[in-house]
Structures are given as C-alpha cells and as structure tokens.
Amino acid sequence: MKKLKLFGSYQAEEKWLSEQAAAGWRLVKKGLFYTFRKHSPQQQTFSVDYRTFKNKADYESYLSLFSDAGWTHAAGKIRSGEQYFTAPAQQDSELSIFSDKESSHSRYTKKAWHSLLKALFIFVFMILSSLSNSLYDIGIIVHPSRAFLTPGIWERTGGAFWQAFFFELPFATLRIGLYVLLIGYVLLFAFYAAWALICAKIDRGIDNEQME
Amino acid sequence: MNRDKNLPLTETVYYILLSLIEPAHGYVIMQKVEEFSDGQVRLAAGTLYGAIENLLKLKYIQPFSTEDKRRKVYHITPKGQEILQMDMQRMEHMINVTKQALAKM
C-alpha cells in the first residue's frame, strides 16, 4: 500500500508511523510516497534521522552503528536524507535515536540547508542555460506556452497541432518541472528554516531556565 | 591567557574523547561512555553519530584502519588529547578552589 502524506514535524511523522505499525502496516520504503506492507500489528517506535553521506563505506558504518544499538533500518537510501529507524516499543521509557534536544533539532537545520543548496543549484542551472544559448527560457513561469519550442506550434490546428503537442509534452513538462522543483525546494527551505529557528529558541529557553 | 574556544567540553564530548584513548567503533564508544559515567550518560545512536562527525571535523579524533570493513573505528588525535587534558585541568582547578572555599566554612 502506498500513501502520500506531509508532516509538520519529524515528531508527528514518527508518531504516525508507529500508529501504522500498530494497525499492521510496516514501512518498507520511503520515496515521494510511503510504501507499507501488511504485517502483524506491532508496537514499534520510529525515529527519523536526516543525514547524507560522502560514500558507501560511511553509510554502511552508520547503519552498523544503529543496528548494533538495536535499531532496524526500515527505509532510506544513501542520498535520501531521511533515514527511518524502528525498534520494538518499550513500555517504561521513550525510545529515540537522540539523547539530547540539540541533535534532534539539528535535523531541521540540515534539511533546511540542503533544500537551499538544491534550490540554488537548480536556479544557477536555469540561469546559465538561459544565458548560454537560450536552452532554457526562464520566462515560462509567466508564459507556460513558451515551454514548447516547436516553431509556430500554437498556430497549427487539428492533427498537426496535437502531434507536435504530444511529441513535445514530455520535454515541456521537464522544463516546467524544473520550476516546480525550484519552488518546492524554496518552500522546503523556508519551512525547515522556520522550524530550525523555533528549535533554536526552545534550546535557548531551556538554557535560560537552567541558569535561573 | 586566552582559553580555547571549545572549552569547556560538554560531558558527552569529554567521555567520547576519553573512550577513544584506545581505538573503538561506535557501539563500543556507547558502552564505554555509559561505563565511565556510571550509567549517567547514555548516548543514543543518532546523537553519537553527529558527535563523531563533529569531532572528526575538529580533528580531535581520526579514523583508524582495521579489518572490520563495516564498522569505522576511531582514535583520539594528539590535538584531541591536548583538549582533553586542558579540560581535565580546568575541572581540577574548579575542584581545588571549591575544596578550599568549603574548608573555610
């Protein structure tokens, strides 16, 4: 079963995944969608980490550490960012892959920076390709029709139009898709940066309480 | 004298450095830290991994090559030993002045 869902925080996501496990759905993959497989209902705790890795050896060593510590890697890939870990729930204590607030909060900071980097990368690519030889027309956000490059396509009618239209549709979608990605990453950045700021404020608040 | 900006070390970092006087991989570090702290400091895997990355960046620890391909082993560097010693002296000083002050009561 596939599900598409967005969460306001990692905590909310972890809670939802435990509820799914209790209802007999075990997380097996996370891309754009969550993929679940039917399973016997289990009391599982979920913990989400955000991390990227330079190479496979680093990633394997990271996964070994978590499995040594009793966590099962449910979903995540070397470059996916989010890593999903699960462990049998304990009644007396709340299980987490983080033992302090700072490291738990650093997920938001990292995700915000990565989203900004991706947005910048796409933006620079768009600018460079539009400057070099008009490979990319940055005006398509205002005039989506310009995503089609076939000369005179909009003057054609009937079969000739549809043939050219469908032929070029995948490319046009890609061109517009770049914009969608860019906007998506900018929104992700704004969202996670806001979270990171709120978390930083909470951290400071705790420090202040300890001082008093 | 200007103090190193990374001092004082957090309790977690102090115990991690202490446990890397001898080369160790992640899970061994977790166990040693718990043992050194009499069970007071329990490091979770995600927090430890972040701390290791940070200590590598600061060059307080370095990878140590072993047979085990799946588990990276780390070892304290001379720079790491130096900061550990500096933090120990800082705490020794605190203990001494506190003892003296309390003796006068």
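**Figure 1. Strand S4 of chain A is largely enclosed by the rest of the structure.** In this predicted model, 7 of the 7 residues of S4(A) are buried. Buried means that 20 or more other C-beta atoms, placed from the backbone, lie within 10 Å of the residue's own. Strands are DSSP runs (E) of at least two residues, helices are runs (H or I) of at least four, and both are numbered from the N terminus. Both faces of S4(A) are covered. One side carries Gln44(A), Phe46(A), Val48(A) and Tyr50(A). The other carries Thr45(A), Ser47(A) and Asp49(A).

Residues are numbered from 1 along each chain as its sequence is written, and chains are lettered from A, and ligands numbered from 1, in the order in which they are written. Local features need pLDDT of at least 70 and side-chain atom pairs count only at pLDDT 80 or more, while totals for chains, interfaces and linings use all residues.

**Figure 2. Three strands of chain A form an open sheet in the order S4-S6-S5.** The pairing is antiparallel; two strands pair if DSSP finds at least two bridges between them. S4(A) and S6(A), residues 82-88, are joined by 7 bridges.

**Figure 3. Chain A is assigned two domains.** Domain 1 spans 2-88 and domain 2 spans 101-211. These bounds come from an automatic or database domain assignment. The C-alpha centres of the two domains lie 26 Å apart. Their contact takes 6 residues from domain 1 of chain A and 5 residues from domain 2 of chain A. Contact means C-beta atoms, placed from the backbone, within 7 Å. On the domain 1 side, 2 residues are nonpolar, 3 polar and 1 charged. Ala, Val, Leu, Ile, Met, Phe, Trp, Tyr, Cys and Pro count as nonpolar, Asp, Glu, Lys and Arg as charged, and the others, Gly among them, as polar.

**Figure 4. Chain B meets chain A.** Here 14 residues of chain B touch 18 residues of chain A. Helices H2 (26-36) and H3 (45-57) of chain B each give two or more residues to this side. H3(B) supplies the largest share, 5 residues. The chain B side divides into 6 nonpolar, 4 polar and 4 charged residues. The model scores ipTM 0.89 and pTM 0.84.

**Figure 5. Helix H1 of chain B, residues 11-19, has buried residues.** They are Val13(B), Tyr14(B), Tyr15(B), Ile16(B), Leu17(B) and Ser19(B). These pack against S1 (24-25), H2, H3, S3 (73-76) and H4 (78-103) of chain B. The mean pLDDT of chain B, the predictor's confidence in each residue from 0 to 100, is 93.

**Figure 6. Ser37(B) sits in the loop between H2 and H3 of chain B.** With 16 other C-beta atoms within 10 Å, Ser37(B) is partly exposed, a class between buried and exposed (12 or fewer). The C-alpha atoms of Ser37(B) and Tyr15(B) are separated by 7.7 Å. Along the chain, these residues are 22 residues apart.

Terms used
Contact = placed C-beta atoms within 7 Å.
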